[in-house]
Amino acid sequence: MFVPCGTSEPDFTGFTLLMPAVSVGNVGQLAIDLIISTLNMCKVGYFYTDCLVPMVGNNPYATAEENSTELSINAEVYSLPSMNLMALQLRSIFIKYKSKPFCEKLISWVKSSKCARVIVLSSSHSYHCDDQQLRSIPFRYLLTPEIEKSVGETLQQLHWKEMEKSKSFPEIGDSGLCIRIPGGGITKALYTESCSKGIQMAVVLKFVSEGDNIPDAFDLVRYLNDWLQIIKPQECNDPTTSISQWKVPSSWRLLFGSGLPPALF
């Protein structure tokens, strides 16, 4: 599944894998963009898979004309060995009925590459929030049993809120409770697969609405940074200062298209 860019496969032993779920507002993908761009992570390989819609484009993290023509595809892996950090970026949607096989293959690769843990950045429809969720912070987390032992207490000290269980069928009064992540894409499938395979996985998500979700991506990476300390947080009450710490990739200039052609007017 993983194809290295170089002649030899990188050693990911003990690394933390950050990845998005293709979910509402693409918040996870935008957040991974910010992390890769800010840390200037190096592309080390890609996933060769028939589970994602094929796509190809220019280098989304181009910093100069020389590297702007490098190609990017639908599933690429970036690495920062100095921090034992790697990131998987997904850039297209799943082909119908292929999301579950992808989750199974991904978890199998995580085990074989000996990654220490996986952190999934995701989002969920805010209009599905119940009254309790609406009155609290818009962030939630999920931990598999394997990672609960090592980070559960840390997240409680940060006053993070765990994702609540809700009725399997809300319209039926006595239906059982389960974890529901509306609009979360493969989030729940990844979490369930990791639980069954003994993988250390954490899910960090935000309740959002579809639209301009760039502010949600900044919120998510800042929230994650409280835990992982990816970049050194600045002690300042001005939110614009916190935002400026994260480097926006060049590809975001065309996030909503290239604008209206002047010839129209």
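The expected span of a helix is 1.5 Å times one less than its number of residues. Helices (H or I, at least four residues) and strands (E, at least two) are DSSP runs, numbered from the N terminus. One caution before you start: this is a predicted model, where local features need pLDDT of at least 70 and side-chain atom pairs count only at pLDDT 80 or more, while totals for chains, interfaces and linings use all residues. Residues are numbered from 1 along each chain as its sequence is written, and side-chain values use heavy atoms, with hydrogens and water left out.

**Exercise 1. Check the span of α1 and work out how covered α1 is.**

Step 1. At 1.5 Å a residue, the 13 residues of α1 should span 18 Å, and the end C-alpha atoms are 18 Å apart, so the two agree.

Step 2. Next comes burial. Buried means under 20% relative accessible area, exposed over 50%, and partly exposed in between (1.4 Å probe, protein chains only). Twelve of the 13 residues of α1 are buried, so by this definition the helix is mostly covered. Among them are Val27, Asp33, Ser37 and Leu39.

Step 3. Look for what does the covering, with contact meaning heavy atoms within 4.5 Å. The cover over the buried residues of α1 includes β2 (16-20), β6, β7, β8 (117-125), β12 (201-208) and α6 (214-228).

Step 4. Walk off the end of the helix: α1 is followed by Asn40, whose phi is positive, near 50 degrees.

**Exercise 2. Trace the surroundings of Ser37 and Tyr61.**

Step 1. Ser37 sits in helix α1, and it counts as buried because its relative accessibility is 7%.

Step 2. Leave aside neighbours within four places in sequence, and Ser37 is in contact with Tyr61, Lys247, Val248 and Pro249.

Step 3. Now follow Tyr61, found in the loop between β4 and β5. With a relative accessible area of 12%, Tyr61 is buried too.

Step 4. With neighbours within four places again set aside, the contacts of Tyr61 include Asp33, Ile36, Ser37, Tyr78 and Pro249. Tyr61 and Trp252 are 191 residues apart along the chain, yet 9.3 Å separates their C-alpha atoms.

**Exercise 3. Pair up strands β1, β3 and β6.**

Step 1. Two strands pair if DSSP finds at least two bridges between them. β1 (residues 2-4) and β3 (residues 42-47) run antiparallel and are joined by three bridges; in β3, Tyr46 is the bridge partner of Val3.

Step 2. β3 is also joined to β6 (residues 75-80) by four bridges, again antiparallel. Here Lys43 has Tyr78 in β6 as its bridge partner.

**Exercise 4. Describe the lining of the largest pocket.**

Step 1. On a 1 Å grid over the protein atoms alone, a pocket is an open set of points where a 1.4 Å probe fits, with protein on both sides within 12 Å along at least five of seven lines; lining residues have an atom within 4 Å of a point. A volume is the space filled by probe spheres set on the points. For the largest pocket that is about 640 Å³.

Step 2. Its lining has 28 residues, with Asp33, Pro60, Ser251, Trp252 and Leu255 nearest the centre. The largest share, three residues, comes from α1.
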